[in-house]
Amino acid sequence: MRISFCCTGTPSEPWIAALRSALPQAQVELWAENAPQADYAVVWAPPQRFFDEQSGLKAIFNIGAGVDGLMKLRLPPHAALVRLEDAGMAVQMAEYVSQAVLRHFREFDVYADQAASGQWLQRRAQRHADFPVGVLGLGVLGARVAQTLTQFGFPVHGWSRTAKVLEGVRGYAGADQLQDFLGATRILVCLLPLTDETQGILNHARLSLLLPGGYVINVARGAHLVDQDLIALLDSGHLAGATLDVFRTEPLPAEHVFWKHPKIQVTPHISARTLRLESVAQIVGKIMALQRGEAVAGLVNRQQGY
Ligand code: NAP
Ligand code: GLV
């Protein structure tokens with residue numbers, strides 16, 4: 001069995017070493033042009049040439065949860081496309097979103113500013129009931145985030161394509177229920193995959209539906225958000241702030257208004273990192289299952305785009 005590794009922006013040696021150690025019977029190689037045909041590929045942002053040459057792949061393993069980058073390429077039509085499912089990302093996402101929600105709800109930025117000027121001033125306590133959280137996308141990551149937030153006592157809503165039942169989370173499904181979901185939400189978390197349907201979903205019309213004093217946390221993809229619409233709603237006062245981990249152009253350009261906007265917190269796409277050992281264990285388990293002719297979870301539906 002031959003495995004080709006082709007991950008742009010990822011140090012290849014430790015990944016290849018981990019794959020070789022977990023699958024000693026396989027030949028695991030860093031892809032180079034005109035390499036022999038592989039059975040499986042482990043990829044992140046590969047060039048089109050990789051797939052043009054490796055047309056006989058049985059399965060393609062993406063070392064991330066989101067496959068929007070791959071969906072822009074011409075992939076071998078019969079290869080299974082498999083994404084990471086959790087692999088240590090769900091707890092990181094729950095940590096990240098919880099800190100953003102709690103920092104806003106408990107006004108920690110206000111207290112940091114007060115401390116900077118030596119001010120001792122206790123503000124009025126806020127009520128969880130006044131800060132309903134809505135999570136767009138109730139998949140592997142969104143479900144974990146939504147359920148974590150229920151533990152703090154926030155009312156939590158979730159929106160997905162198909163109806164979901166999650167304890168403590170009020171579910172909304174499909175385009176018909178998006179308006180009601182947004183109207184019941186004050187803190188909005190985006191954990192949707194980027195597809196033709198979800199591109200630009202965080203626009204002026206939809207963000208205007210949030211309860212007054214709305215707050216936006218985008219941890220999915222930059223192209224979900226219409227940047228200038230967020231700025232307009234922050235500047236008009238309808239939105240109170242935003243925490244953004246993902247951007248239309250990454251790294252976020254030095255001149256981008258998000259860097260210095262007083263109501264926006266920026267992080268460099270770190271809300272849920274790919275963890276090498278957890279990811280290799282998951283991928284190797286699935287390769288062994290495919291070799292035995294078994295079905296695997298995490299298959300991407302190419303029509304839906306996620
Ligand atoms: P997932 O398990 O595939 O979940 C996607 C969720 O979105 C599902 O609940 C799905 O509904 C819903 N959805 C998709 N299209 C929809 C539509 N048109 N209308 C309503 N709901 C829709 O994905 P995941 O593993 O949770 O990951 C989500 C995204 O997080 C990834 O695609 C990636 O972009 C992003 N991400 C970011 C980072 C980071 O570090 N910033 C790290 C990892 C992932 P159904 O359940 O009904 O199918
Ligand atoms: C990271 O953004 C991922 O999709 O895993």
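This is a predicted model: local features need pLDDT of at least 70, side-chain atom pairs count only at pLDDT 80 or more; totals for chains, interfaces and linings use all residues.
Are Tyr-40 and Phe-61 buried or exposed?

Let me begin with ligand 1, which is surrounded by 30 residues, the closest being Arg-83, Arg-161, Thr-162, Lys-164 and Tyr-306. By class, that shell comprises 15 nonpolar, nine polar and six charged residues, and at least three residues come from each of domain 1 (2-87 + 274-291) and domain 2 (90-266). The ligand taken alone exposes 940 Å², of which the protein buries 92%. Two or more shell residues are given by each of α4 (89-105), α6 (140-150) and β7 (156-160), with α6 contributing the largest share, three residues.

Turning to the aromatic side chains, the count comes to eight pairs. One of them joins Trp-31 and Phe-50 edge-to-face, at 5.4 Å centre to centre and with 90° between the planes; because Trp-31 sits in the loop between β2 (27-30) and β3 (40-44) while Phe-50 belongs to helix α2 (residues 48-53), this pair ties together parts 19 residues apart in sequence. Both Trp-31 and Phe-50 are buried.

As for the opening question, Tyr-40 and Phe-61 are both buried, and they form a tilted pair, 6.4 Å centre to centre with 50° between the planes, linking strand β3 to strand β4 (residues 59-62) across 21 residues.

Conventions. Residues are numbered from 1 along each chain as its sequence is written. Chains are lettered from A and ligands numbered from 1 in the order in which they are written. Side-chain values use heavy atoms; hydrogens and water are left out. A residue is near a molecule or strand if one of its heavy atoms lies within 4 Å of it. Accessible areas come from the Shrake-Rupley method with a 1.4 Å probe; for residues, only the protein chains shown count as cover. Helices (H or I, at least four residues) and strands (E, at least two) are DSSP runs, numbered from the N terminus. Ala, Val, Leu, Ile, Met, Phe, Trp, Tyr, Cys and Pro count as nonpolar, Asp, Glu, Lys and Arg as charged, and the others, Gly among them, as polar. Domain bounds come from an automatic or database domain assignment. Rings of Phe, Tyr and Trp (its six-membered ring) pair if their centres lie within 6.5 Å; planes under 30 degrees apart count as stacked, over 60 as edge-to-face and the rest as tilted. Buried means under 20% relative accessible area, exposed over 50%, partly exposed in between (1.4 Å probe, protein chains only).
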